[in-house]
Amino acid sequence: MQFQKCISAATTTTGQTAVYAHVLEWPSDNQLELTEPKLSDDAKVVLLGYDGDPLQWKVMPSKMNQLQRGNGLSKVVIILPATAAVLKMDAWSLKITGAS
């Protein structure tokens, strides 16, 4: 995880684990890159306090993977909504289900 921009915590309720990522600095390109947690194909990412749909995300090879071939490193890129209401917040929390 890129700790200069994001911190995380995990919790389990009713048998389902959720990871919460707290974003302290909005990425200039509206894309948050995380090297952990790993997301399953059916993972769901929700921006708390945002009324829109769950956020889109994709798995990409990490830069380190390009340098060290064959190690299987990847990153998750979460596409953040750049709406005026969201950008006015001082910090942002993402709820991620389907993570390991």
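Pro-37 lies in the loop between strand 3 (31–34) and strand 4 (39–47). Strands here are DSSP runs of E, at least two residues long, numbered from the N terminus. A cis peptide bond joins Glu-36 to Pro-37, with omega at about 0°.

This is a predicted model, where local features need pLDDT of at least 70, side-chain atom pairs count only at pLDDT 80 or more, and totals for chains, interfaces and linings use all residues. Residues are numbered from 1 along each chain as its sequence is written, and side-chain values use heavy atoms, with hydrogens and water left out.

Now go to the loop between strand 2 (16–23) and strand 3, where Asn-30 is found. Asn-30 is not a glycine, yet its phi is positive, about 65°. Its relative accessibility is 22%, so Asn-30 counts as partly exposed. The scale is this: buried means under 20% relative accessible area, exposed means over 50%, and partly exposed is in between (1.4 Å probe, protein chains only).

Next comes Gln-31, in strand 3. Gln-31 is partly exposed too, at 29%. Leaving out residues up to four places away in sequence, Gln-31 touches Val-77, Ile-78 and Ile-79. Contact means heavy atoms within 4.5 Å.

How many salt bridges does the structure hold? It holds 1. A salt bridge is a side-chain nitrogen of Lys or Arg within 4 Å of a carboxyl oxygen of Asp or Glu. Lys-75 pairs with Glu-33, and their closest N and O atoms are 3.3 Å apart. Lys-75 lies in strand 6 (residues 74–79) and Glu-33 in strand 3, so the pair ties together parts 42 residues apart in sequence. Lys-75 is buried at 13%, whereas Glu-33 is partly exposed at 24%.

Note on methods:
Helices (H or I, at least four residues) and strands (E, at least two) are DSSP runs, numbered from the N terminus.
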